[in-house]
Amino acid sequence: MSTQQLQSMADVGRTQLGAMQYLDANERRELAEAQQSVVDARRGAEADEGHLRVH
Amino acid sequence: MAPALQDWVSPSLAAWVKHPDTDADWESLLEEYGGAALEGSPDAKRPEPLRRIFGLVRDQGCRTVVIENRYIDLDWRSEYSVFWSRRFELPPPFTRRLHFFTEIIADDQIHSLPEAPGYLGYCVIRPIPWGPVGRTVITPPHNMRDGKAVLATVRDPVSLFGNDLVAEGVAFCQQDTQYLVCAHTSVWIAHYTAYRRGLVGRRSTADLFEMVPKHLSHKRTHPSGGVSLLQMQAVFGGLEQPAIFYGIKNLPTPFGTKPPQAPLDPDTLKPKPAGLWDERIFSVICRYLSSGFPVIVAGEEHALTLVGWRRDGEEIRFIACDDQVGPYEEIDSPFTHYRAPWHSIFVPLPPRVLVAGEAAESFVGAELRGWGRWGEANGDEHTVSLAHDAEHSPDTRLECYLMANADYKRLVAQQGRDPSVVRQLRLARLPHWVWVLEVQDVGRRQRGQPCVRAEFVCDTSSHDRSPRIATRTLPGGVMTSPPDGGPIETAPHDTPYWTSIADVREASGPFAAGTAPR
């Protein structure tokens, strides 16, 4: 990378959104939903499967 | 019937050897310790796991079995103290430990083994019916060694009458159906693996049993009526290995993918259980197995521990320690497993790991798309190409590995990276545990060449919704982002490919007691 590109990389890194600033609103919403699906995957499951027994 | 006390506790007989050579010899051993002759009868000891263990060592050229008599096993002694000693008819308080060697060893050599005895591992035999196999560590079979499979193995130091040996393999244990059931043994396997990696202190099987909250069940604890998944999670908490829990019917959908459609059962026209078709099972589980963390799955009233995986063409085969089958069982498909449909996944992890693997991978997937557009805006064709390949090329794969900061910084010097990059990464402020995400060239990796084009290191103590990326290595440049708003550092590099950290770690041998703090 050139010095200029490295500087631009650092400038991107200093912003709150970072590289995500290059995603459009739909893509950022898709990302938020994807990350939320990870959270939901763990929250909902325990209530349903927690009572199941193994032996 | 349990063996007579005097047979197991002769104080004058330390050990003896057997040299099983024929099928009949091995069958005789199996009958003595596994009760094979009674197979099918109520008195049968469920010899299948021991049969499998004998098959594994036999395939690896075992010619000597040293039988260590009157062995005081920590786990059996704990079980004996709280359960077996309170029965009217008592089994012995001692076990026997079988040690397997490829070399011929005579009785008079036991106290001073030859230089290279070809140690294949050991198997503790409990003196009880219906589950004789206790703690066991056996070397992996040939088809799972030398990079052919990813395994959560341990280095297990063994002292045999003053001889120092090391067993290297996955841990295994069988339930006894009365005190310990599959839940206990599957948890124990994950616990013993973490113990041998230096992540937690050693707890006995009785400790584990006592951690099951009795108030969470209407069933008696003795004899065990089974364990609920909630109770299992309580045990993981007590072991300081809190488990990430996944319900298979509700697996996450990473960025850039779509949730799959459930096929309908032709008879009922209702969606089939996810455990019969959802391929996300593989990516969720393999992330942790590839990092050396066993994963417990629960199916039809049974739990088993997955300890590895391997590729078979386009298919992924899980490698399991099922207490009903034995170690190193290769599962054709989770969708046709004898306990399918699987419904739950437990991943016991260090307490400070808060970010799930798919959260890190999903976030980095989105970052790669963003950096690709940055590359377009800044004339960086290599980053544009990287982002495109990561998203669209079947020859490019994003892999992630959970590892201790200390291990990452030690191994980073062995990847063939620029010394200035190594310096920058080693001095980067990182948390105790990190997810290391690599964009790999699949073909180069299969040919054993340096294959990593880009790397992201994620703070596992951040949040699933927005994982913090601590370091980024893109084509031609590396950037480290300190915590607490510290100054960002960048540096150029000219290494187009470097060796995967997983391959460097594999080359350094099984997971030893590590330097990783909890």
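Where is the place of P341(B)?

Guide: P341(B) sits in the loop between β14 (326–331) and β15 (344–348) of chain B, where helices (H or I, at least four residues) and strands (E, at least two) are DSSP runs numbered from the N terminus. This is a predicted model, in which local features need pLDDT of at least 70, side-chain atom pairs count only at pLDDT 80 or more, and totals for chains, interfaces and linings use all residues, while side-chain values rest on heavy atoms, with hydrogens and water left out. Residues are numbered from 1 along each chain as its sequence is written, with chains lettered from A and ligands numbered from 1 in the order in which they are written.

The peptide bond that leads from A340(B) to P341(B) is cis, its omega being near 0°. As background, most residues other than glycine have a negative phi, and most peptide bonds are trans.

Strand β2 of chain B leads on to an open sheet of seven strands, in the order β1-β2-β3-β4-β5-β8-β7 with antiparallel pairing; two strands pair if DSSP finds at least two bridges between them. Its edge strands, each pairing on one side only, are β1 (15–18) and β7 (154–160) of chain B, and its neighbouring strands are turned by 30° against each other on average, direction ignored. Within chain B, strand β2 (residues 64–71) is joined by six bridges to strand β3 (residues 95–101), the two running antiparallel, and T64(B) has F101(B) as its bridge partner in β3(B). Helix α3 (residues 48–59) of chain B lies across β3, β4 (119–125), β5 (133–138) and β8 (163–172) of that chain, running at about 20° to β5(B); here the axes are lines fitted to C-alpha atoms, for helices over the stretch in contact, and angles run from 0 to 180 degrees between N-to-C directions.

Another open sheet of chain B has six strands, ordered β16-β17-β18-β19-β20-β21 and paired antiparallel. The edge strands there are β16 (396–404) and β21 (489–492) of chain B, and the twist averages 15° from one strand to the next. Seven bridges join β17 (residues 433–441) to β18 (residues 452–459) in chain B, with V457(B) in β18(B) as the bridge partner of V436(B).

Turning to the other chain, 37 residues of chain A are in contact (heavy atoms within 4.5 Å) with 66 residues of chain B. The two chains bury about 4,200 Å² between them, 61% of it on carbon and sulfur atoms, where buried area is the accessible area (1.4 Å probe) that two parts lose on being put together, summed over both. In chain A, R53(A), V54(A) and H55(A) lose the most area to chain B, together 19% of what that side buries. R53(A) also stands opposite S228(B) in β9(B), and two bridges join β1(A) to that antiparallel strand β9 (residues 227–228) of chain B.

The structure holds 28 salt bridges over all chains, each a side-chain nitrogen of Lys or Arg within 4 Å of a carboxyl oxygen of Asp or Glu. R373(B) lies in helix α9 (residues 357–378) of chain B and E27(A) in helix α2 of chain A, so this pair joins two chains; the closest N and O atoms of R373(B) and E27(A) are 2.6 Å apart. Across the interface of chain A and chain B the rule finds two salt bridges.
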